[in-house]
Amino acid sequence: MQIIINDANILIDFLKIDMVDSFFQLPYQMHTTEEVLAEVEDPNKKVFETYINANQFQVKIFEYPEIVNITQLLEKYSSLSFQDCGCFFYSELLSSPLLTGDKSLRKAAVKEKITVYGILWVFDQLLVHKIVTKEIAHEKLSNLITINPRLPKTECRKRLNLWRE
């Protein structure tokens, strides 16, 4: 099963539109870092505990040598946070795609030839795997657009139009 490394913004967006259950039905092994999970506010963290306990969501705790590597990435990419660099490093470490909506993190990862997906890819996957219907995808993305103004508007409109048919 393919591993996907998750950044906080994706997890938070799916929490906000009440789609965490659907997200974890995808046929991927979802991973994140301890620092990223710490960005999710209580009591929302408890939502993820179910998936952690069911071994559907792995949380990486970095050891000292790994923290040194993350710090070096932080020096190289000053526009990224420690959490971002942790996801970046973890993605490199496992040779796994990175799932993020962070533009700076996406740019840095692409520069280093890391496969990067965003939230629209997740919506596409939810439809491909028949986890949600077009109607639900349309409703949830519409809700997300009102909450998250940083989403790519043109790509969102394309999908909304496609799912309206």
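Helices (H or I, at least four residues) and strands (E, at least two) are DSSP runs, numbered from the N terminus. This is a predicted model, in which local features need pLDDT of at least 70, side-chain atom pairs count only at pLDDT 80 or more, and totals for chains, interfaces and linings use all residues. Residues are numbered from 1 along each chain as its sequence is written, and side-chain values use heavy atoms, with hydrogens and water left out.

**Gly 86**
- Gly 86 is found in helix α6 (residues 82-94).
- Gly 86 counts as buried because its relative accessibility is 2%; buried means under 20% relative accessible area, exposed over 50%, and partly exposed in between (1.4 Å probe, protein chains only).
- Thr 33, Phe 62 and Ile 70 touch Gly 86, not counting residues up to four places away in sequence; contact means heavy atoms within 4.5 Å.

**Gln 29**
- Strand β2 (residues 29-33) contains Gln 29.
- Gln 29 has 18% relative accessibility and therefore counts as buried.
- Not counting residues up to four places away in sequence, Gln 29 touches residues including Met 1, Ile 3, Asn 55 and Phe 57.

- Leaving aside neighbours within four places in sequence, Phe 48 is in contact with Leu 11, Leu 15, Val 20, Phe 24, Leu 37, Val 40 and Phe 57.
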